[in-house]
Amino acid sequence: MFCDLSSCFLCTHCIPEWKEVIALRKQTLSFKKGQPVFSEGEPVEGIFFVYSGSVKVHQQWGADKELILRFARAGDVLGYRGQAAGVHPVTATPLEATQVCHIPQSLLEATFKANPSFLYQMMQLYAGELQEAERRMRHLALTEVRGRIADALLTIRGTFGEGPEGFVSIPITRQDIASYAGTSYETVFKLFTEWTGQGILDTSGKYIRILDDTKLQALIPQ
């Protein structure tokens with residue numbers, strides 16, 4: 001599957017005539033699971049629109065840990081966090097085979113000037129990202145670990161949806177859940193065992209199914 005110039009975030013918010021320019025200069029790139037789209041500290045050379053697959057956006061946390069800031073799926077945008085500084089402050093790593101559309105920096109800047117609607121939508125994206133980042137900071141600082149893990153599970157399911165049997169549609173490791181919730185693998189493993197025994201969760205390998213939303217929601221401060 002490749003970009004069809006009609007369904008991605010960029011193409012839906014630019015004028016029809018601009019799609020010809022995009023078609024000439026965009027790159028469709030494919031990445032394997034675990035192969036970074038870009039890495040923390042690398043210079044920004046453009047922006048990425050996810051066409052298929054799923055990605056974790058994460059940052060180094062201490063000497064040997066990472067903190068997952070968000071997850072991205074088809075239709076989402078990657079690489080905009082470093083636009084001001086010119087250096088990526090995060091790493092984007094696929095959780096499965098992923099395809100993205102890469103727009104080089106010069107084309108991105110020209111697109112801003114020629115497409116006010118796209119510029120406005122990017123401003124909305126930045127504002128939403130800032131609001132979510134502030135919520136996450138408060139959550140990590142003030143919510144106890146059970147609530148953080150419960151919130152992580154509900155957020156992951158909300159992002160990727162469910163398969164036909166009710167499992168979250170992508171496999172996700174306990175370590176990634178721990179990195180998103182700001183805790184340890186051991187804590188996630190312990191709570192998964194407890195919640196599975198209580199009928200709150202069901203697991204099949206790396207696939208997770210939430211059986212009792214109410215009990216998880218009750219752990220999250222409102």
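Domain bounds are taken here from an automatic or database domain assignment. For this protein the assignment gives domain 1 (17–139) and domain 2 (143–218). The centres of domain 1 and domain 2, taken over C-alpha atoms, are separated by 25 Å. The contact between them takes 18 residues from domain 1 and 15 residues from domain 2, where contact means heavy atoms within 4.5 Å. The structure is a predicted model, in which local features need pLDDT of at least 70, side-chain atom pairs count only at pLDDT 80 or more, and totals for chains, interfaces and linings use all residues. Residues are numbered from 1 along each chain as its sequence is written, and side-chain values use heavy atoms, with hydrogens and water left out.

Helices (H or I, at least four residues) and strands (E, at least two) are DSSP runs, numbered from the N terminus. Two strands are said to pair if DSSP finds at least two bridges between them. An open sheet of four strands has the order 1-7-2-5, and its pairing is antiparallel. Strand 1 (27–31) and strand 5 (77–78) stand at the edges with a single partner strand each, so one side of each is left without a neighbour in the sheet. Strand 1 is joined to strand 7 by five bridges, and the two run antiparallel; F31 stands opposite T98 in strand 7. Six bridges join strand 2 to strand 7, again antiparallel, and the bridge partner of S52 in strand 7 is Q99. Strand 2 also pairs with strand 5 in the antiparallel sense, over two bridges, with F49 opposite V77 in strand 5.

Helix 3 lies across strand 2 and strand 7, running at about 70 degrees to strand 7. For such angles, axes are lines fitted to C-alpha atoms, for helices over the stretch in contact, and the angles run from 0 to 180 degrees between N-to-C directions. The buried residues of helix 3 (residues 105–114) are Q105, L107, L108 and T111. Seen down the axis of helix 3, these residues fall within an arc of 160 degrees, so they line one face of the helix; the arc is that of the directions from the helix axis to the C-beta atoms. They pack against helix 1 (9–12), helix 2 (18–25), strand 2 (46–52), strand 7 (98–104) and helix 4 (116–142).

An open sheet of three strands has the order 4-3-6, with antiparallel pairing. Its edge strands are strand 4 and strand 6 (91–94), each of which pairs on one side only. On average, neighbouring strands of this sheet are turned by 30 degrees against each other, direction ignored. Strand 3 (residues 54–61) and strand 4 run antiparallel and are joined by eight bridges; S54 stands opposite R73 in strand 4. Helix 5 packs on the sheet and touches strand 3 and strand 4, its direction making about 30 degrees with that of strand 4. Helix 6 lies across strand 3 and strand 4 and runs at about 100 degrees to strand 4.

A nonpolar core is a set of buried Ala, Val, Leu, Ile, Met, Phe, Trp, Tyr and Cys residues joined through side-chain atoms within 4.5 Å. The largest such core has 27 residues, and those with the most contacts inside it are I149, L153, I177, W195, L201 and L216. At least two residues of this core are supplied by each of strand 4 (65–73), helix 5 (145–160), helix 6 (174–181), helix 7 (185–197) and strand 9 (207–210). Helix 5 gives the largest share of this core, seven residues. The core draws at least three residues from each of domain 1 and domain 2. Leaving aside its neighbours within four places in sequence, L201 is in contact with L153, F192, W195, T196, I208, R209, I210, L211 and L216. A second, separate core of 17 residues includes C8, L10, F49 and V77.

R157 lies in helix 5. This arginine is buried, with a relative accessible area of 16%. Not counting residues up to four places away in sequence, R157 touches E162, V168, I210 and D213.

Notes
Buried means under 20% relative accessible area, exposed over 50%, partly exposed in between (1.4 Å probe, protein chains only).
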